[in-house]
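Colleague: I would like to learn how to read salt bridges, surface patches and strand pairing from a set of coordinates. Could you take me through them one at a time?

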Amino acid sequence: MIALALQTLLLLGLSPLVTGAIRLGKARLQNRRGPPLWQPYADLAKFLRKDMVVSEHASWIFSVAPYIVFVTALLAGLMVPMVSVAAPLSLFGGALALVGLLALGRFFLALGGLDPASAFGGMGSSREMTIAAIAEPAMMLAIFTVALAAGSTDLTRIVQTTLEPAWGLANPMHVLAFAALFIVLLAETGRIPIDNPATHLELTMIHEAMLLEYSGRQLALMEWGASIKQLVLMTLLVNIFFPAGIATEITPTALGAGLLAYAAKLLLLSTAIVLVETTNAKLRLFRVPDLLSIAFAVALLALFSTFLFP
Amino acid sequence: MDALGALLLAAGLSGYVVAAAAGLLTARRGAIAVTLSFGLGAMAAASVGAAAMVSLLTHSAGNDATLQLLPTMIPSLRFSIRLDPLGAFFAVIVSLVALALSIYSVGYARHYVGRKNVGILGAFFNLLLLATTLVFLADNVFFFLLAWEIMALSAYCLVSFEHEVDEARSAGVLYFVMSHIGTGCLILGFFLLSQAAGAYNFASFHALGEKMAAGPRNAAFLLFLAGFGIKAGIVPVHVWLPAAHPVAPSNVSALMSGVLIKTGIYGLARVLFDFMGTPPNWWGVTVLALGTVSAVLGVLYALMEHDLKRLLAYHSVENIGIILMGLGASLMFLHTGHKALAALALAAGLYHTINHAVFKALLFLGAGAVLQSTGTRNMEEMGGLIRRLPRTAFFFLVGAVAISALPPLNGFVSEWLTYQALLRGFDATPSLFRLMFPLAGAMLALTGALAAACFVKAFGITFLAQPRSEAAARAHEVGPAMLIGQGILAGACVLLGLFPVAFLTLLDPVIAQLAGHPLAAELSLAGGLVLSSGAAGPGTVSTLGILMTGVALLSLPLAWRLVHARREQTRTGPTWDCGLAGLTPRMEYTATGFSKPIRMIFKALFRPHREVQREYDFSPYFAKTLRFESHTEEIFQTRIYRPLHGFVLRFSRRLRALQAGSLQAYLMYVFAMLLGLLLFAL
């Protein structure tokens, strides 16, 4: 119960920071000063206090969607080991439930985009669902590959397996599955080269297009939900493939060291995202499937490599 | 089975007959015929369902209840039924769905009163329910085939019920032809089996495959796969399904998509698991591969549809594919002797069977309500219906979330079990065929994500945003009977999703019968609140736990809302329209537009054609008129069935020369045939 409350607080508290860090890092690499690190917190606080304007065409789906997006992201986060190897909701679901919960959030996000009768929202929904559909096989294949090695889809068990010293970092299966999941991470969190989180050009937006009609509290929940989802997927990546430093026992020192290691790993992954976003241009929508099929092929190679290097 | 069960069963079966007769007798008085035949049908369904449930709950191995329905003069034909776990399980499915459908039909069939003969509709509907129930319970080859044919013929009559529509007539004929090709395969298959067994009752076929030679055994497998595959709608013999299901009245569509195609699954489970003994590897490989292809192609074609009922029909192809993935994996495990895994994969397949029956029937009922209140199946003419039909919209949303395999509803649980079975299959299979499992898992992920995309489209375009036509703007909510029918099925979706362990306990006798390994105890954790995927603890999930934690977490934003609500003002404003003078429905995203990215990505499959014609007055930037046409190609129709159809027509035209109408020529044929036979006998 305490673990659950602590991890919820960590997800809520840390996710805007990661978003802010990536934004700041991008700005610095582009020779801009950029917004301060805590700008996302200020934004959320502002949205939460503002009144809302709701479209006259919108139904109750529009108002319910932000809550579902927010709660499913949190639930997914509670199934991932963050600081300690034991995830609080490990018993209620593993990797498959995590994928399912994120898909549930996406389902309502896309419905919320269609609801206000705007063409932009419809376009965003259509593209979001398409990209998710073609990212899903690569994601599942990569998850399957690591789950096979651990003999379980339970994320705690998977991290425990990758913690073992026999699990070499330079294992080709390891590297390839990481590469596949990294591409999927870019797609799922709406990063360049798939989507541009900073764009306000309607015709190229995907995630932002679905949020166009949201305001106030509902917008805050949507933005916060997106940040949490990003943190969850990043945590998944760093803790499955680089579990070093994660707390294996519940003592204050172990947890403290785990928190430090976790922060350091997140910083490294954020830097990688910043580098990718700064050095690449956004792809045309119909080039995105090529990138995601590369992810699928890489995940397939990861699977095959379990034969070659058992 | 005790006397009470037998009584309930007999009452239910004769109840269907009475309901059908009542429909015919009162056909002149439309409204009475509707109430009487569907009302009695609902009672009969409840009765059969209760009997099947009792037999499933009180079943003890090797002690199947048998019942002689009618005396018979014909040798080998026995009207005998046997309530073994497998049959009882499918009888539960048909009865549950039939109960909801009959209640719904009491309201739905009213709109035919005065236009069509509703007595006929009620009579054939109940006849179809009776025949389908008997297919699941028959214990004799001839009785089974008889019930199978009555089922096919009454379904044909129902598909062509609106026979004044061209589409319904041609779909009916296609269904009739395909169905009979299937029956032909089944007759040959059963011929091979009864030859080996020397008897005609199903009880004597148990594990018969062990005694058969490899040749007839494999031939029987292929015949049954084709025969039951046509009924189930497996790619590439699915073509009749998206044609026939949409044109039938919606209560019949729901029955056909929800239950009728499951007779194919029942047949495959019965023959492959009960009769055929330990299967060779390639059977499982074939079934798994066919399932995977059906799942992916079914959902891809569904995405291209903007006819709501055709879209749902293609999703049946997809879900049959998912069921077959479970069955195929189970066959592969039986081959390698992993009984626990075979039991898990089979449970996944059968779980998905009841799930699909429930949510597909629910979705078709929703589509029927929309069709009745708007008069169209074309999604491009709908929109905004969530305000006009709020309850129907809610039930349709439940079905959409369930079929998209999203937690916490039932579709998620059965697909979770399928994933777990596939995952564990990798280590259990020694040969290179093990690679099929992760690949099938990846394709299942693709299918699930595409299904979610398709139902965002189906729900979003139909129910959300502004109405796209006058009819949609004036639509009104359907009556209480139709809502109760939908509500029962929506409730079943929720219960099957939240309490999987309870359902698997109910299913356990079936699993023990077919895979030889009871499963429920292994899969239950924490007193049945958590579902595990096996004794080794490879994965756990609890939809109930997820839901309750979710509700607890929801208190965070809701608490903030309460705190803040006093100071807050929510205004209603127009949607951002880029400074135009307001949005019109024509500016909304369409169903065709929604699926365009998928159409472009998979254009090798869809071969989209598009034609744009513009007329200008003075400048190419300001078109006066614009004509846009876009359609995709169904390669199975254009590449396989159309050439085949042409060939059959040409061939029969040639043969017509034989039928000259001259008696002498016919006598000569008879003589030549006789001579030939005599020579053959020598």
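This is a predicted model: local features need pLDDT of at least 70, side-chain atom pairs count only at pLDDT 80 or more; totals for chains, interfaces and linings use all residues.

Colleague: How do the side chains of A:Lys229 and A:Glu188 meet?

Modeller: The side chains of A:Lys229 and A:Glu188 form a salt bridge, with 3.4 Å from N to O. A:Lys229 belongs to helix H9 (residues 216-241) of chain A and A:Glu188 to helix H7 (residues 172-188) of chain A, so this pair ties together parts that are 41 residues apart in sequence.

Colleague: Which parts of chain B are tied together by B:Asp307 and B:Arg377?

Modeller: The side chains of B:Asp307 and B:Arg377 meet in a salt bridge at 2.8 Å, N to O. Because B:Asp307 sits in the loop between helix H11 (281-304) and helix H12 (308-336) of chain B, while B:Arg377 sits in the loop between helix H13 (339-374) and helix H14 (385-388) of chain B, the pair links parts that are 70 residues apart in sequence. Both B:Asp307 and B:Arg377 are buried.

Colleague: Are B:Glu470 and B:Arg474, which also form a salt bridge, buried or exposed?

Modeller: The N to O distance for B:Glu470 and B:Arg474 is 3.0 Å. Exposed means a relative accessible area over 50%, so B:Glu470, at 55%, is exposed, and B:Arg474, with a relative accessibility of 55%, counts as exposed as well. Salt bridges may also share partners, and in this way A:Lys26, A:Arg191 and A:Glu277 are joined into one network. Over all chains, the count comes to 18 salt bridges.

Colleague: Which residues gather in a patch of positive charge on the surface?

Modeller: A patch of this kind is built from residues that have no salt bridge and over 30% relative accessible area. Here the positive patch on the surface gathers A:Lys46, A:Arg49 and A:Lys50 with B:Arg566 and B:Arg567. B:Arg567 is placed in the loop between helix H22 (543-565) and strand S6 (570-573) of chain B, and its relative accessibility of 60% is why B:Arg567 counts as exposed.

Colleague: Which residues make the nonpolar surface patch?

Modeller: The nonpolar surface patch, of about 780 Å², is made by B:Leu644, B:Phe647, B:Val648, B:Phe651, B:Leu655, B:Leu658, B:Met668 and B:Tyr669. Helix H26 (635-655) and helix H27 (663-681) of chain B are the elements that give two or more residues to the patch, and H26(B) gives the most, with five residues. B:Phe647 is found in helix H26 of chain B, and B:Phe647 is partly exposed, with a relative accessible area of 47%.

Colleague: How many bridges join strand S1 of chain B to S2(B)?

Modeller: Strand S1 (residues 65-68) of chain B and S2(B) run antiparallel and are joined by four bridges. B:Leu67 stands opposite B:Ile81 in S2(B). Along strand S2 (residues 80-83) of chain B, B:Ser80 and B:Arg82 point one way and B:Ile81 and B:Leu83 the other way, and all are buried.

Colleague: How far apart are B:Glu611 and B:Arg627 in sequence and in space?

Modeller: B:Glu611 and B:Arg627 are 16 residues apart in sequence, and their C-alpha to C-alpha distance in space is 7.9 Å. B:Glu611 is in strand S7 (residues 609-616) of chain B, and at 36% relative accessibility B:Glu611 counts as partly exposed.

Technical notes. Residues are numbered from 1 along each chain as its sequence is written. Chains are lettered from A and ligands numbered from 1 in the order in which they are written. Side-chain values use heavy atoms; hydrogens and water are left out. Patches are made of residues with over 30% relative accessible area and no salt bridge: like charges are joined within 9 Å, nonpolar side chains (Val, Leu, Ile, Met, Phe, Trp, Tyr) within 5 Å. Accessible areas come from the Shrake-Rupley method with a 1.4 Å probe; for residues, only the protein chains shown count as cover. A salt bridge is a side-chain nitrogen of Lys or Arg within 4 Å of a carboxyl oxygen of Asp or Glu. Lys and Arg count as positive and Asp and Glu as negative; His and the chain ends are not counted. The place of a charge is taken as NZ of Lys, CZ of Arg, CG of Asp or CD of Glu. Buried means under 20% relative accessible area, exposed over 50%, partly exposed in between (1.4 Å probe, protein chains only). Two strands pair if DSSP finds at least two bridges between them.
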